[in-house]
Amino acid sequence: MFAAASLTETFTALGRTFEETRPGVRVRFNFGGSSTLAQQITQGAPADVFAAASPATMKPVADGGATAGRPRVFARNRLVIAVPAKEGGRVASLADLARPGLKVVLCAEQVPCGAAAGKALATAGVTVRPVSREQDVRAVLTKVRMGEADAGLVYRTDVRAAAAQVRGVEFPESAKAVNDYPIAPLAKAPQSALAGEFVDLVLSRTGRAALTGAGFEAP
């Protein structure tokens with residue numbers, strides 16, 4: 001299963017649920033930046049399912065005939081500003097990210113979290129010069145968590161997963177940059193039947209409960 005990095009905890013838990021009802025089946029995940037995963041799939045990497053963090057990163061996979069059927073949106077996610085848990089309140093809005101001397105980390109522009117960050121910042125009219133751009137949202141979160149950055153734009157779900165170490169600052173412009181998450185079994189899935197069953201689990205009431213419990217929004 002290839003899945004966006006922001007799905008790590010939720011899909012890992014759903015993988016265990018899937019295995020419990022299918023003795024002998026083991027679910028293996030490859031989590032990462034959606035654009036990188038899409039490129040790997042279009043270049044022939046074997047996978048059963050692709051869950052992306054944006055329709056834009058699913059598009060080349062679907063357009064290339066690599067999906068088995070139309071991708072379906074199963075969740076939505078929005079950005080927050082991640083700051084260290086003990087941060088003293090210097091960051092309260094997107095505008096604060098432009099402060100001189102503040103070390104801000106963003107996702108790479110081709111990654112869904114980077115595209116969403118660019119859209120939110122443009123909506124707010126804020127220009128940020130990040131100290132680095134990372135290849136997936138978890139790398140941004142790690143920089144903030146380890147104290148290597150003062151702030152980063154990540155998903156609300158990522159902050160919830162690391163709540164003991166980071167704090168999330170909500171901002172209204174996030175409503176203009178909400179990401180839809182599509183999922184699809186892949187046309188050349190080595191385990192096509194199981195791929196369809198896993199997608200069904202994600203789209204089921206059980207999957208929806210797991211996703212909303214992690215902070216994702218219903219599509």
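Me: Which side chain meets aspartate 158 in a salt bridge?
Reply: Arginine 138 does, at 2.5 Å, N to O. Keep in mind that this is a predicted model.
Me: Where do aspartate 158 and arginine 138 sit in the chain?
Reply: Aspartate 158 is in helix H6 (residues 156-161) and arginine 138 is in helix H5 (residues 137-145). They are 20 residues apart, so the pair links distant parts of the chain.
Me: Is aspartate 158 buried or exposed?
Reply: Aspartate 158 is buried, at 0% relative accessibility. Arginine 138 is buried too, at 17%. The cut-off for buried is under 20%.
Me: Which residues join into one network?
Reply: Arg78, Arg156, Glu170 and Glu217, through salt bridges that share partners.
Me: New topic. What does lysine 59 pair with?
Reply: The side chain of aspartate 63, in a salt bridge of 2.5 Å, N to O. Both residues lie in helix H3 (residues 55-63). They are 4 residues apart, about one turn of the helix.
Me: Is aspartate 63 buried or exposed?
Reply: Exposed, at 54% relative accessibility.
Me: And arginine 133, what does its side chain meet?
Reply: Glutamate 109, in a salt bridge of 3.8 Å, N to O. Arginine 133 is in strand E7 (residues 132-134), while glutamate 109 is in the loop between strand E6 (104-107) and helix H4 (112-124). So the pair ties together parts that are 24 residues apart in sequence.
Me: How accessible are arginine 133 and glutamate 109?
Reply: Arginine 133 is partly exposed, at 35%. Glutamate 109 is exposed, at 58%.
Me: Last one. How many salt bridges are there in the whole structure?
Reply: The search finds 13.

Key: Residues are numbered from 1 along each chain as its sequence is written. This is a predicted model: local features need pLDDT of at least 70, side-chain atom pairs count only at pLDDT 80 or more; totals for chains, interfaces and linings use all residues. Side-chain values use heavy atoms; hydrogens and water are left out. A salt bridge is a side-chain nitrogen of Lys or Arg within 4 Å of a carboxyl oxygen of Asp or Glu. Helices (H or I, at least four residues) and strands (E, at least two) are DSSP runs, numbered from the N terminus. Buried means under 20% relative accessible area, exposed over 50%, partly exposed in between (1.4 Å probe, protein chains only).
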